[in-house]
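Let's take a friendly walk through a protein model together. Have the sequence and the 3D view ready, and look up each residue as it comes along.

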Amino acid sequence: MTRRLAAAMLAAAFAALAAGPSFALSPEAAAGQAGAALNAASLQFSRMVAVQKARRKKKWAFTAPAAPQLPPGTPKKYAAMFKDGWDETMDLLKNKDCQKFFAGHGDSLQTVLRMLSGTEYRFLRLSSPDYGAETNGPGSVFINTDGVFVTAVDGRITLDGRHYDLESLSRLRGMILLHELGHELGFFGPDAGLKLESANAGHSLAIIHTCLPADGMPQDF
Ligand SMILES: [Zn+2]
């Protein structure tokens with residue numbers, strides 16, 4: 001018996017005794033009452049444990065939401081690239097640390113997943129090939145048809161002058177979608193433009209270190 005259970009049982013038993021009539025209570029009756037209280041306390045305790053277990057499970061339960069529909073007319077090759085990035089994003093989000101990273105800013109994991117599946121991802125040419133993607137606001141992300149999400153051939157990426165190998169193009173795309181998710185949820189501040197290049201790299205690296213921890217070491221290439 002755990003100390004907590006013992007304490008709960010004892011407290012319940014005392015409470016029952018205190019509440020019961022103090023007069024004319026035979027020792028047998030008092031013992032019976034205390035026994036009933038102990039049973040009730042024990043039942044309550046096992047319920048408490050079950051609820052806690054369910055809560056813990058719920059916290060990490062992960063049901064991948066449906067992928068969002070792309071705007072009508074999105075070319076098939078972009079749709080295939082998006083699916084590749086989306087599937088990887090779902091995979092990366094199975095990592096508890098990655099879940100905590102996104103759900104740790106006042107949003108529940110469900111809110112995070114709803115944001116993702118409710119986002120409109122539009123493929124178009126952005127002002128510079130330096131941007132993989134750009135977030136307009138919650139629920140709207142532009143993916144640059146001139147940027148790495150589309151043009152990269154493998155998982156290699158340069159961030160703030162350093163090279164990283166994210167192992168595969170899928171992981172690189174997943175990292176980009178997660179980066180934009182940080183903007184959509186509002187905990188990544190603005191990071192577009194040359195002056196904010198290191199902030200931009202910092203956001204990507206935060207995701208790499210949390211969601212792709214094996215890929216966080218700078219490489220020579
Ligand atoms: Zn950014």
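In this predicted model, the count of aromatic pairs comes to nine. One of them joins Phe 187 and Phe 188 edge-to-face, with 5.1 Å from centre to centre and 70 degrees between the planes. Why is this pair called edge-to-face? The label applies to planes over 60 degrees apart, and the two rings are at 70 degrees, so they qualify. Phe 187 and Phe 188 also belong to one aromatic cluster, together with Phe 101 and Phe 102. Phe 188 has a relative accessible area of 8%; it counts as buried because that value is under 20%.

| Arginine | Ring | Distance to ring centre |
|---|---|---|
| Arg 156 | Phe 221 | 5.1 Å |
| Arg 173 | Phe 149 | 5.5 Å |

Now for the metal. Which residues hold the protein donors of the zinc ion? They are His 179 and His 183, each through NE2, and Asp 191, which is listed with two OD donors. These donors lie 2.0 to 2.4 Å from the zinc ion. Along the sequence, the donor residues follow the spacing H-x3-H-x7-D. His 179 belongs to helix α7 (residues 169-184), while Asp 191 is in the loop between α7 and α8 (197-211), so this pair ties together parts that are twelve residues apart in sequence. Both His 179 and Asp 191 are buried.

What makes the arrangement around the zinc ion irregular? The angles subtended by the four donor atoms run from 58 to 154 degrees.

Thr 119 is found in the loop between α5 (109-117) and β1 (120-124). Is Thr 119 buried or exposed? With a relative accessible area of 2%, Thr 119 is buried. Its side chain makes a polar contact of 2.6 Å with the side chain of Glu 184. Beyond residues up to four places away in sequence, Thr 119 touches Pro 68, Gly 139, Ser 140, Val 141 and Glu 184.

Ser 128 is in the loop between β1 and β2 (133-137). Its relative accessibility is 15%, so Ser 128 counts as buried. A polar atom of the Ser 128 side chain lies 2.9 Å from the backbone nitrogen of Asp 130.

Methods. Residues numbered from 1 in each chain as written. Predicted model: local features only at pLDDT ≥ 70, side-chain atom pairs only at ≥ 80, totals over all residues. Heavy atoms only, no water. Helix = DSSP H or I, 4+ residues; strand = E, 2+ residues; numbered from the N terminus. Buried < 20%, exposed > 50% of the residue type's maximum accessible area, 1.4 Å probe, protein only. Polar contact = N/O pair within 3.5 Å; in protein donor to acceptor, adjacent residues only side chain to side chain. Contact = heavy atoms within 4.5 Å. Phe/Tyr/Trp six-rings, centres within 6.5 Å; stacked < 30°, edge-to-face > 60°. Lys NZ or Arg CZ within 6 Å of the ring centre and 35° of its normal. Donors = N, O, S within 2.8 Å, 3.2 Å for Na, K, Ca; no water. Tetrahedral: all angles 85-135°; square planar, octahedral: opposite > 155°, others 65-115°.
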